[in-house]
Amino acid sequence: MSDNPREDRDHQFSEGQGLPDEFEEFDIDPPELKVDPGEVDPVDTRVLSDLLDERNIAKDEVDTDQLIDVGVSYTKINRFEEATETFERAAQYAEDPHKEQEAWVNKGAAHAELEEYDEAIGAYKEAIDIDDDSEHAATAETNLAYALWEFGQSEEALRHAENAVEIDPRFAQAWYNRGFFMLERGLAEDAVDCFENAQRLGMSNAEVLEEKVRALEEVGREEEAEEVRQRAEEMREEAEQQMVEEF
């Protein structure tokens, strides 16, 4: 393990703009695009992006919901720069504070995908300033925590991870992030509890198990750590097999 743990492994980025299902980064379904599969290859991202461009709304007819949908669709084809611009416009024109907050959270997540963590931090803070106890606030807090950690502000990151859990105690990703930051600060026993809470709330993947293994080893629970490691390896193998079958 190097002095910089970020170089050794990828931390599962909070997937989502506050809407559970493991926080899927942009978990709003993209708008229906009128594509004739007989004429257009559905995997042709150039055509898809052209269609998205056509959906941009005239300045005098701004529809916040539609703008958010367009931004989400940009993320689906990895056009994160366009997504950040679209979400910012949605936030600026939103009359509903709830929609404005949603747009800011999504904008932060798109910046994070570009590793523009300073901009991501700013967007998440804008979202939290609107309402620090809403359905989107927990997502903003936990995503902000990870962006701060990437930005080298680990102490502040832990504080925001704890805020996320306080806002929504049933948010599995928030518990995972809190455990991750606890472990980074040497609080392994507390980290184990956090990872177990994340599992109880439905977060079941190899990443959370692997972090739990690290925490268990830190507190000397070697036998339990080995059992969890074996399960993590099984999950990795199952995922790889599924990919082989699909492709």
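**View 1. How H7 passes H9.** In this predicted model, helix H7 passes helix H9 in a left-handed crossing (the near helix is turned anticlockwise from the far one by less than a right angle; clockwise would be right-handed). Helices here are DSSP runs of H or I with at least four residues, numbered from the N terminus. Two packed helices are described by the angle between their axes and the distance between the axes. For H7 (residues 137–150) and H9 (residues 172–184), the axes come within 9 Å and cross at roughly 30°. That makes H7 roughly parallel to H9, a label for angles under 35 degrees. The axes are lines fitted to C-alpha atoms over the stretch in contact, with angles running from 0 to 180 degrees between N-to-C directions.

**View 2. Who touches whom.** On the H7 side you'll find Thr142, Ala145, Tyr146 and Trp149, meeting Gln173, Ala174, Asn177, Phe180, Phe181 and Glu184 of H9; contact means heavy atoms within 4.5 Å. Sort the residues of this contact and you get six nonpolar, three polar and one charged.

**View 3. Zooming back out.** The protein has twelve helices and zero strands (a strand is a DSSP run of E with at least two residues). Of its 247 residues, 46% count as buried, meaning under 20% relative accessible area with a 1.4 Å probe, protein chains only.

**Notes.** Residues are numbered from 1 along each chain as its sequence is written, and side-chain values use heavy atoms, without hydrogens and water. Local features need pLDDT of at least 70 and side-chain atom pairs 80 or more, while totals for chains, interfaces and linings use all residues.

Note on methods
Angles under 35 degrees count as roughly parallel, over 145 as roughly antiparallel, 65 to 115 as roughly perpendicular and the rest as oblique. Ala, Val, Leu, Ile, Met, Phe, Trp, Tyr, Cys and Pro count as nonpolar, Asp, Glu, Lys and Arg as charged, and the others, Gly among them, as polar. Buried means under 20% relative accessible area, exposed over 50%, partly exposed in between (1.4 Å probe, protein chains only).
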